[in-house]
Amino acid sequence: MKRRLLYALLGLMVISSMALASCGPPEPKTVIIGATDEISSLDYSDAYSTHDWELMRNCNRALTEYTPGTAEIVPGLAESWDVSDDGLTYTFHLGSGWMYPDGTELKAADIANTINRAMELEGDIHGVVVAYVETAVATDDSTLVITLDNPRGDFPEIASMAPFMPTPEGSYPADELNRFPDTLVGVGPWQITSYDPAEQVVMERNPNYKFDFDRRAPTTVIIRYFEDATQMALAIENGEIDIAWRILGPPEVQRLGEVDGLTSVNTGGGGIRYLVPNHAMEPFSNKNLRQAIAYLVDRDEIVDRVMSGTIDPLYSMVPPGFLAANETFLTMYNAPDVAAAEALLEAEGYSADNPLTFDMWYPPEHYGTHAAQVFQVLEEQLEATPLIEVTLQVQEWGTYVHALTDGEYPIGYLGWFFDYPDTSNYLDPFAESSASPSMGVSYANPVMDDYLHSAGAETDPAIRETLYTDAQDLYATDVVTIPLTIEPEYAVFREATVRSITIGPALVFNYELIEMR
Amino acid sequence: MSPLAGICIGSLAIAFGFIIYAFLRGSPGLRSYIVTRVLLTLPMVFILVTVIFVVMRVIPGDPVSSQLGPRGSIEARERMREQLGLNDPIIVQYFNYLGKVVRLDLGEALIFGHRPIIDELSERLPATIELTLPAMVFAVGFGVLSGALAAKNRKKASDYGLRLFSIASYSIPIFWLGLVLQVIFGINLGAFPIAGRIDSITNIGLERITNVLVIDSIITGNWAALGSVLHHLILPSLTLGIVLTGVFVRLSRINVIESLVQDYIIAGRARGIRERILVYKHALSNALIPIVTLIGLQFSVLLAGAVLTETTFSWPGMGLYLVERIGQRDYTAVQGVILVFALSVSVISLLTDIIYAFIDPRVRY
């Protein structure tokens with residue numbers, strides 16, 4: 001009797017689950033993209049996060065933009081631009097045919113509106129915009145004149161950011177931010193028609209988009225949010241989402257790579273990871289000691305032992321592919337070189353009986369659970385010489401980032417992903433004397449400042465390349481920070497529903513370029 | 001009216017209606033007890049709010065650093081701290097907060113768009129209710145019946161099996177159990193979804209009224225959505241329910257065993273009443289009295305379990321929200337969630353005590 005009851009219950013469970021499972025088969029043209037991000041702001045004059053910008057780049061266009069699948073900046077809404085002789089005034093000439101979903105045509109004043117709101121309202125992006133822009137004025141419907149505080153050779157790259165996208169006057173209040181408007185529209189291919197920040201975003205096509213959609217492009221895009229990468233990886237295995245996107249960690253990428261019916265795409269871009277020696281605190285206020293560390297860090301071993309080659313070694317803060325990127329740390333230190341490190345340590349009075357002792361800090365999960373393994377390997381490498389004794393210290397992110405950027409740790413660990421694709425964004429934040437303290441580095445060198453300021457103002461690529469090469473050499477000599485690895489970001493899609501996706505090293509994911517089955 | 005306000009007002013109306021009814025109909029002792037408990041709740045909530053306020057500010061880190069990370073310049077961080085009022089003296093911040101709480105204003109989130117906490121909770125609380133209610137029903141129903149079965153078959157295989165299950169169930173970490181169920185029923189068998197509250201596509205067509213999706217789908221007659229919601233609900237509620245079941249199995253078993261040796265059971269047995277009727281009708285009904293008390297006590301365990309279950313199943317409820325916001329040092333959000341949790345536990349605890357007095361005439365306050 002009991003057994004029959006048990007079988008009956010089990011049967012009921014299976015039948016009900018099958019019935020329930022058949023309730024909502026996905027539409028053929030709807031694509032569901034998983035993400036572990038969170039919406040911070042959908043106000044173009046405020047947003048300053050990779051995920052918010054991804055949504056915005058799909059709903060709108062900026063003055064300049066990335067060629068799909070690359071990190072190359074090309075004209076966007078602006079067909080062309082002129083630069084004044086003093087490098088301070090950029091005149092952008094907008095193209096025609098750009099329209100919002102309601103049929104309104106794009107005007108240059110719409111872009112000026114976003115920039116001016118960003119400058120007037122003190123949102124998250126405010127500091128970035130006012131650092132470059134002095135005024136933004138539309139001289140007619142298709143001409144926008146932007147005056148800069150200082151000449152910037154990389155302003156076309158900067159103009160690819162969200163504050164340089166149009167918002168028609170009246171769509172956002174003039175005197176306050178609206179981080180969660182009912183919908184998000186622009187002149188791009190998509191519009192957000194509904195969203196719940198905790199669950200999902202629904203995007204439909206902009207009926208007035210300037211270009212035709214491919215017949216294989218989705219008609220609806222759903223971004224679904226997950227608590228962590230593990231949940232997202234399980235969901236794509238279970239067929240609940242079509243694409244697992246940011247942020248899959250190397251362990252999930254490795255595991256999903258072995259699952260039939262899933263394809264992994266290496267975007268070629270991703271965050272860099274680096275050690276942050278505190279120049280304002282002993283012992284790493286001493287250049288020789290920073291160089292000693294640089295001699296001991298073997299990046300290849302980290303890559304091989306921790307992640308079986310799914311991440312890449314990094315020998316300059318400027319990753320491969322960017323202007324003037326080189327491998328200065330490799331040529332200068334050729335680590336591991338224990339003898340060279342010991343010579344420097346002994347010169348500073350350290351010995352086996354009197355070793356250099358310090359705490360090395362990292363967050364346990366913010367940069368993936370494999371950070372612990374990275375630091376175990378680092379500890380072994382640094383203690384390859386008896387002249388060093390390292391104590392690993394772990395602190396959860398909320399406490400960690402506060403303490404590190406306040407300069408409370410002698411050496412720590414951070415990641416970085418560019419705001420705009422230019423070499424300057426990989427060097428200035430760490431090595432420019434006014435920016436460096438907020439990164440927990442506190443480095444100041446007038447020669448470096450001169451290189452960076454000159455390169456930033458220069459428009460001639462050849463001269464910029466020379467200046468940035470010199471800056472990287474000085475960076476490695478002074479060991480401003482110690483670049484470790486670059487962790488390429490992957491997307492994984494289900495072959496049953498998706499044919500291909502296009503994501504470049506800039507991590508710009510154009511949803512209209514998804515090819516559905 | 002927001003869904004949260006609707007749910008809160010509706011629940012509080014029912015709770016207070018019952019308390020007033022008990023006050024009017026109860027003995028003088030019960031009346032005095034109710035008054036004392038209500039009066040004690042206020043300082044208890046005040047102390048809790050104060051402790052959470054202080055603890056959140058004592059632990060290192062702040063919401064500005066968490067949100068901006070290393071990107072924000074020192075000036076940008078200072079500007080944001082000033083905007084959020086974090087540069088005010090702690091005592092000023094505290095009285096500002098208390099003033100808002102008294103006006104039923106929980107403030108705004110310090111990060112992620114600075115939304116009003118009441119709006120955030122109105123989206124999250126219904127999800128938690130939707131998860132915890134079936135879990136509790138399962139835990140009580142399955143636990144009590146299993147306990148009675150174990151008592152009936154005392155010292156037989158099923159008794160040992162159920163006792164073993166009860167010990168295991170409250171020893172197992174929720175996140176581990178959840179992960180195992182996800183892998184078995186989600187990945188391997190493909191029978192259930194492993195994350196979220198509803199299928200993404202079905203979600204588009206579901207009109208949100210209360211944000212309790214089961215109710216919303218019934219109200220709007222969206223049966224596809226109802227199917228999807230129930231389908232998504234099974235694994236997380238089962239996970240949470242199983243962990244809570246053990247204690248009900250053990251308590252039910254012990255009380256039924258005690259009842260089974262009472263005179264009225266022996267008399268019933270002598271009259272030829274079937275054993276099943278004796279156990280499940282007569283012995284179990286008397287054994288339910290302490291179980292009612294336990295339900296009240298387990299409510300706080302239920303909420304704690306919901307935190308882990310929601311994290312494991314990406315269930316966008318209060319628990320997941322709390323975990324995220326603690327990590328981000330979002331003081332006002334954490335204070336808001338804790339306040340709602342504390343008030344819920346207080347009200348449930350008071351209701352349980354009153355119900356206890358009603359169903360057991362021997363109880364005197």
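Predicted model: local features only at pLDDT ≥ 70, side-chain atom pairs only at ≥ 80, totals over all residues.
Visitor: Where should I begin with chain B, and how many helices and strands does its secondary structure hold?

Guide: The secondary structure of chain B comes to 15 helices and zero strands, and the C-alpha trace spans about 85 × 60 × 40 Å along its principal axes. Of the 365 residues in chain B, 42% count as buried. Among contacts in chain B between residues at least 6 apart in sequence, 74% join residues at least 24 apart.

Visitor: How is a pair of packed helices described, and at what angle do H2(B) and H15(B) pack?

Guide: Two packed helices are described by the angle between their axes and by the distance between those axes. In this model, helix H2 (residues 28-58) and helix H15 (residues 331-359) of chain B pack at an angle of about 160°, and their axes are 10 Å apart. Angles over 145 degrees count as roughly antiparallel, and H2(B) and H15(B) are therefore roughly antiparallel to each other. The crossing in which H2(B) passes H15(B) is right-handed.

Visitor: Which residues of H2(B) and H15(B) meet there?

Guide: On the H2(B) side they include B:Leu30, B:Ile34, B:Val45 and B:Phe53, while on the H15(B) side they include B:Val334, B:Ile338, B:Leu343 and B:Ile354. Taken by class, the residues of this contact divide into 18 nonpolar, three polar and two charged.

Visitor: What about H12(B) and H13(B), and how far apart are their axes?

Guide: Helix H12 and helix H13 (residues 275-312) of chain B pack at an angle of about 150°, with axes 11 Å apart, and that makes H12(B) roughly antiparallel to H13(B). Their crossing is right-handed. The contact is made by B:Tyr264, B:Ile265, B:Gly268 and B:Arg269 from H12(B), together with B:Leu278, B:His282 and B:Ala283 from H13(B), and these residues divide into four nonpolar, two polar and one charged.

Visitor: How many residues of H12(B) are buried?

Guide: Of the eight residues of H12(B), which covers residues 263-270, the number buried is zero, so this helix lies largely in the open. Just after H12(B), B:Gly272 takes a positive phi of about 90°.

Visitor: Turning to chain A, how should I read a sheet, and in what order do the strands of the open sheet stand?

Guide: Four strands of chain A form an open sheet in the order S4-S5-S7-S6, with antiparallel pairing. Strand S4 (78-83) and strand S6 (133-140) of chain A stand at the edges, where each has a single partner strand, so one side of each is left without a neighbour in the sheet. From one strand to the next, the twist averages 20°. Helix H3 (residues 108-120) of chain A packs on this sheet and touches S5, S6 and S7 of chain A, and its direction makes about 160° with that of S6(A).

Visitor: How many bridges join S5(A) to S7(A)?

Guide: Five bridges join strand S5 (residues 89-94) to strand S7 (residues 143-148) of chain A, and A:Thr91 stands opposite A:Val145 in S7(A).

Visitor: Is strand S1(A) mostly covered or in the open, and which strands does it pair with?

Guide: In general, the side chains of a regular strand alternate between the two faces of the sheet. Strand S1 (residues 30-35) of chain A is mostly covered, as five of its six residues are buried. Six bridges join S1(A) to strand S10 (residues 220-225) of chain A in a parallel pairing, where A:Ala35 stands opposite A:Tyr225. S1(A) also pairs in the parallel sense with strand S11 (residues 243-244) of chain A, over two bridges, and there A:Gly34 stands opposite A:Ala244.

Visitor: Why does A:Ala506 count as buried?

Guide: A:Ala506 has 24 C-beta neighbours inside 10 Å, and therefore counts as buried, the cut-off being 20 or more. A:Ala506 lies in the loop between strand S18 (498-500) and strand S19 (515-516) of chain A. Leaving aside neighbours within four places in sequence, A:Ala506 is in contact with A:Tyr66, A:Ala71, A:Gly269 and A:Pro421.

Visitor: Finally, how many residues of the two chains are in contact?

Guide: Here 48 residues of chain B are in contact with 45 residues of chain A. Among the elements that give two or more residues to the chain B side are helix H6 (117-152) and helix H11 (223-260) of chain B, and the residues of that side divide into 17 nonpolar, 23 polar and eight charged.

Note on methods
Residues numbered from 1 in each chain as written. Chains lettered and ligands numbered in written order. Contact = placed C-beta atoms within 7 Å. Nonpolar A, V, L, I, M, F, W, Y, C, P; charged D, E, K, R; others polar. Buried ≥ 20, exposed ≤ 12 C-beta atoms within 10 Å, placed from the backbone. Axes fitted to C-alpha atoms, helices over the stretch in contact; angles between N-to-C directions. Parallel < 35°, antiparallel > 145°, perpendicular 65-115°, else oblique. Left-handed = near helix turned anticlockwise from the far one by under 90°. Pairing = 2+ DSSP bridges.
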